[in-house]
Amino acid sequence: MIHVLTIFRVLLIVSSVFFSIAYGQSGRLLTKLSEKEQHIAAHRGAHKEFPENSIASILEAIRLGVSVVEIDIRSTKDDVLILMHDGTVDRTTTGKGKVSQLTYAEIQTLYLRYTPEGAASNCHIPTLKEVLRLCRGKIILDIDFKEENEKYVAKTFELIAAENMEDEVLFFLYDHRLIEKFYRLNPRVNLFPRARSMKDLHEILKSKWTSIVHIDESFDNYNELVKLKDQGVILWMNTLGDTDEKALREGSAVYEIFLKKYPYVRIIQTDNPSLWKNMLSGMHRQ
C-alpha cells in the first residue's frame, strides 16, 4: 500500500512540473499542492480560537499544520497594507471609523476583538509585510484583496516580490476577467480566480495563466470535474456557513460526506480547520 501511495505522489509531482510549464504558475507551489490529496485553508486564520486576521490566528493555523491561511487586505489612509476584512474597524476592533480614513499610527492604537463586538484581546492589527515574513516557509497565504482602489494591487505584488514570497502566495480574484491585467503586473504571483459557471472555468483554464480555481456547490458537471482533477487542475471549494455549522453539531461525518460528494476538490476553505484536520488525519491512519 505504501509503495502504491509513493508512486501516486511521484506522478502528482511530475504532473505539477508539467502544469508549471503549461500554466503561468510557480512550479514550487504546484508541487507543494500536489503532495496531498486534500488541503485545508483556514478562513481568516483559526478565528474561532483567536481574533480573525490576527498574528495569533495565523500562528494557530500554522500549528495545526493546515496548508493555507486566508487573509483579507485593506490600506490605511497613509498607504500601509494591513489585515482587515471590513471597510470599517467597528466590528473587529476597539475603534471606530473607515480603514481608508485612519492612519497606520491610529490603527496601531486599536486592539482586535475575540468575536464581533466582543471582548478586546491584546492583539494588534498586523501589516501585510509582517504576515508575509511570518508565513515564509511555513504556510501558503491566500490573499483576499478587499481594497477597492486597484492601485494597491501593484503595491501588494511589490511587497510579495520584496519578501521573495511569490512561490508561497495565492492572490484571489473575484472577477476572472482581471487575470490578464493582474498577471502582467508580476507573472510570478499566483493568481487564483473564482469561476461561477463551467463557462467561466473553461475560460480560466483556456487562458493558461492559472490552474487553481475556486468553484462552489452549484457545479454539477461531476465527470468533467473529476477528469480535470486527474489532469492536475486544483479546485477549491468552501465549507463555510451551513456545512461547517452542521459539522460542529453532528461531527466530522459531515465532512466525510462532503468529500464523497465532491471528490474532485483539492483545497477546502473552512472556519473549522482543527475539525477538518483531525478528520483527514483519521482517514489517513486507516
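Thr243, Asp244, Lys246, Ala247 and Glu250 of helix H10 meet Val254, Tyr255 and Phe258 of helix H11, where contact means heavy atoms within 4.5 Å. These residues divide into four nonpolar, one polar and three charged (nonpolar covers Ala, Val, Leu, Ile, Met, Phe, Trp, Tyr, Cys and Pro; charged covers Asp, Glu, Lys and Arg; the others, Gly among them, are polar). Please keep in mind that this is a predicted model, in which local features need pLDDT of at least 70, side-chain atom pairs count only at pLDDT 80 or more, and totals for chains, interfaces and linings use all residues. Residues are numbered from 1 along each chain as its sequence is written, and side-chain values use heavy atoms, with hydrogens and water left out.

**Helices**
- H10 (residues 242-250) packs against H11 (residues 253-261) at about 135 degrees, with the axes 7 Å apart (axes are lines fitted to C-alpha atoms over the stretch in contact, and angles run from 0 to 180 degrees between N-to-C directions).
- The two helices, H10 and H11, are therefore oblique to each other (under 35 degrees is roughly parallel, over 145 roughly antiparallel, 65 to 115 roughly perpendicular, the rest oblique).
- Helix H3 (residues 55-64) has Ala56, Ser57, Ile58, Glu60, Ala61 and Leu64 buried, meaning under 20% relative accessible area with a 1.4 Å probe, protein chains only.

**Strands**
- Helices (H or I, at least four residues) and strands (E, at least two) are DSSP runs, numbered from the N terminus.
- Strand S9 (residues 265-270) is largely enclosed by the rest of the structure, because six of its six residues are buried.
- S1 (residues 39-43) runs parallel to S9, joined by four bridges (pairing takes at least two DSSP bridges), and alanine 41 stands opposite glutamine 269.
- S8 (residues 234-238) also runs parallel to S9 with four bridges, and asparagine 238 has glutamine 269 as its bridge partner.

Key:
Buried < 20%, exposed > 50% of the residue type's maximum accessible area, 1.4 Å probe, protein only.
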